[in-house]
Amino acid sequence: MFKTIELERVTLRLITHKHAPQLFTILNHPQVSEFNDYNTPLCKSQIKQLIQDDITAYYEGEVIRVAIEHNITGELMGTCGLYNLSACKSSAFIGFELHPNFWDKGVMFEVITGFIKTLKQHIGLKHLSAEVSAHNARSHNLLLKLGFSLREHSIWHKQL
């Protein structure tokens, strides 16, 4: 079971339906949707279904998607998740999105570092992949800083 992770500036907790209104705003933000693989605009029922799918997949051992909440305001800043967890849970794809108000502040570096460190201890995670749009320079720079390397057209890899 995933336990809430408190980091310096943010708290990571499993995504729930209470996050739907703020997630709706984040995923439909033009600067976020430009690089996401969702067909936007998303309606509120699609956001609810997306969250429900993540919750169901969590209990099936396939996904861990967390809400990134600001420690002072409690505001949803974005999400981060592991997807396609292998049967032995040693490899997964990581995905993330962050509201542009929090870009270029090191938030996602803090999130991914803390998230991976905790999960590596609890589920034996050994290998991560990320698929990132070729035009998403911020995410490319983040993945490089985190020690990922580009192996295929838009697929990044990291041994833990």
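This is a predicted model: local features need pLDDT of at least 70, side-chain atom pairs count only at pLDDT 80 or more; totals for chains, interfaces and linings use all residues.
Local features require pLDDT of at least 70 and side-chain atom pairs count only at pLDDT 80 or more, whereas totals for chains, interfaces and linings use all residues. Residues are numbered from 1 along each chain as its sequence is written, and side-chain values use heavy atoms, with hydrogens and water left out.

Helices (H or I, at least four residues) and strands (E, at least two) are DSSP runs, numbered from the N terminus. Two strands are taken to pair if DSSP finds at least two bridges between them. Strand β1 (residues 5-6) and strand β2 (residues 10-14) run antiparallel and are joined by 2 bridges. These strands, β1 and β2, form a hairpin with 3 residues between them, and Ile5 stands opposite Leu12 in β2. Strand β2 is also joined by 5 bridges to strand β3 (residues 64-70), and β2 and β3 run antiparallel. Here Arg13 is placed opposite Ala67 in β3.

The axes of helix α1 (residues 20-28) and helix α3 (residues 44-59) come within 10 Å and cross at roughly 110°. Axes are lines fitted to C-alpha atoms, for helices over the stretch in contact, and angles run from 0 to 180 degrees between N-to-C directions. Helix α1 is therefore roughly perpendicular to α3 (a class that spans 65 to 115 degrees). In the contact (heavy atoms within 4.5 Å), α1 contributes Ala20, Leu23, Phe24 and Leu27, and α3 contributes Lys44, Ile47, Leu50 and Ile51. These residues divide into 7 nonpolar, no polar and 1 charged; Ala, Val, Leu, Ile, Met, Phe, Trp, Tyr, Cys and Pro count as nonpolar, Asp, Glu, Lys and Arg as charged, and the others, Gly among them, as polar.

Side chains of opposite charge can pair when their charged atoms come close. A search of the whole structure finds 6 salt bridges, each defined as a side-chain nitrogen of Lys or Arg within 4 Å of a carboxyl oxygen of Asp or Glu. In one of them, Glu110 meets Arg9 (2.7 Å, N to O). Glu110 lies in helix α4 (residues 107-123) and Arg9 in the loop between β1 and β2, so the pair ties together parts that are 101 residues apart in sequence. Burial is expressed as relative accessible area (buried under 20%, exposed over 50%, partly exposed in between; 1.4 Å probe, protein chains only). Glu110 is buried at 14%, whereas Arg9 is partly exposed at 30%. Asp54 forms a salt bridge with Arg65, with the closest N and O atoms 2.8 Å apart. This pair links Asp54 in helix α3 to Arg65 in strand β3, and both Asp54 and Arg65 are buried.

Definitions and conventions
Angles under 35 degrees count as roughly parallel, over 145 as roughly antiparallel, 65 to 115 as roughly perpendicular and the rest as oblique.
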